[in-house]
Amino acid sequence: MLRPVCAGLFAFLLIVMVWQVFARQILNDAPAWTGPAAQYAFIWLVFAGAAWMFAEREHIAIDFFTKLLKIDRTRSLEVFVNLMSFAFAVLLLIWGGVRAVEITWTQAIPGLPFSTGQMFLVVPISGVLIALISLRHAVEAIRTGETAGDNESTEAI
């Protein structure tokens with residue numbers, strides 16, 4: 001489900017940026033809404049993409065440190081990493097994201113009919129997805145003994 005969302009957001013971002021450049025360079029009149037719309041789409045793309053890559057076990061932070069430290073992938077390490085990812089998602093993305101949304105919900109975005117809080121709504125949404133995915137990965141590691149290196153082609157949510 002995240003793959004088409006990311007593809008759609010990327011296509012929207014590309015169209016908005018092309019229109020902005022075209023309008024500025026050819027028409028000499030860049031619309032005021034294109035900058036905020038591109039920023040809005042980019043933020044949503046980053047967080048949706050992070051959840052997608054986490055589901056695919058391709059997130060750079062997890063793989064990078066395991067390879068850097070030359071740690072053998074064991075079941076207990078896999079469970080620990082996923083529980084730490086769950087804690088990160090709950091504390092920073094969900095709790096912190098909800099706080100950011102609450103604080104900025106009424107701040108208007110110039111040129112768009114949305115608030116800054118609505119733009120930041122993707123942070124707790126991606127946090128919920130990452131928390132659920134990390135729990136699923138931890139349960140898979142406990143139940144089947146598979147680690148991230150064993151199963152590279154997991155289905156994304």
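In what order do the elements of the protein chain run from the N terminus on? They run α-α-α-α-α-α.

**Figure 1. Overview of the predicted protein chain.** This is a predicted model, in which local features need pLDDT of at least 70 and side-chain atom pairs count only at pLDDT 80 or more, while totals for chains, interfaces and linings use all residues. Residues are numbered from 1 along each chain as its sequence is written, and side-chain values use heavy atoms, with hydrogens and water left out. The protein chain holds six helices and zero strands; helices (H or I, at least four residues) and strands (E, at least two) are DSSP runs, numbered from the N terminus. Of the 157 residues in the protein chain, 36% are buried. Buried means under 20% relative accessible area, exposed means over 50%, and partly exposed lies in between (1.4 Å probe, protein chains only). Among contacts (heavy atoms within 4.5 Å) with a separation of 6 or more, 71% join residues 24 or more positions apart.

**Figure 2. The nonpolar surface patch.** W19, F22, I26, L27 and W33 form this patch, with about 490 Å² of accessible area together. F22 belongs to helix α1 (residues 2-25). With a relative accessible area of 36%, F22 is partly exposed.

**Figure 3. Residue L2 in helix α1.** L2 is found in helix α1 and is buried, at a relative accessible area of 4%. Between L2 and M53 there are 9.3 Å in space, C-alpha to C-alpha, although the two are 51 residues apart in sequence.

**Figure 4. Residue N28 in a loop.** N28 lies in the loop between α1 and α2 (34-55). Its phi is positive, about 55 degrees, although N28 is not a glycine. N28 is exposed, with a relative accessible area of 64%.

**Figure 5. Residue S115 and its contacts.** S115 is placed in the loop between α4 (75-104) and α5 (116-120). S115 counts as buried because its relative accessibility is 7%. Not counting residues up to four places away in sequence, S115 touches Y40, T104, W105, Q107, A108 and I109.

Terms used: Patch = residues over 30% accessible without salt bridge, like charges linked within 9 Å, V, L, I, M, F, W, Y side chains within 5 Å. Areas by Shrake-Rupley, 256 points an atom, 1.4 Å probe, with all protein chains shown as cover. Salt bridge = Lys/Arg side-chain N within 4 Å of Asp/Glu carboxyl O.
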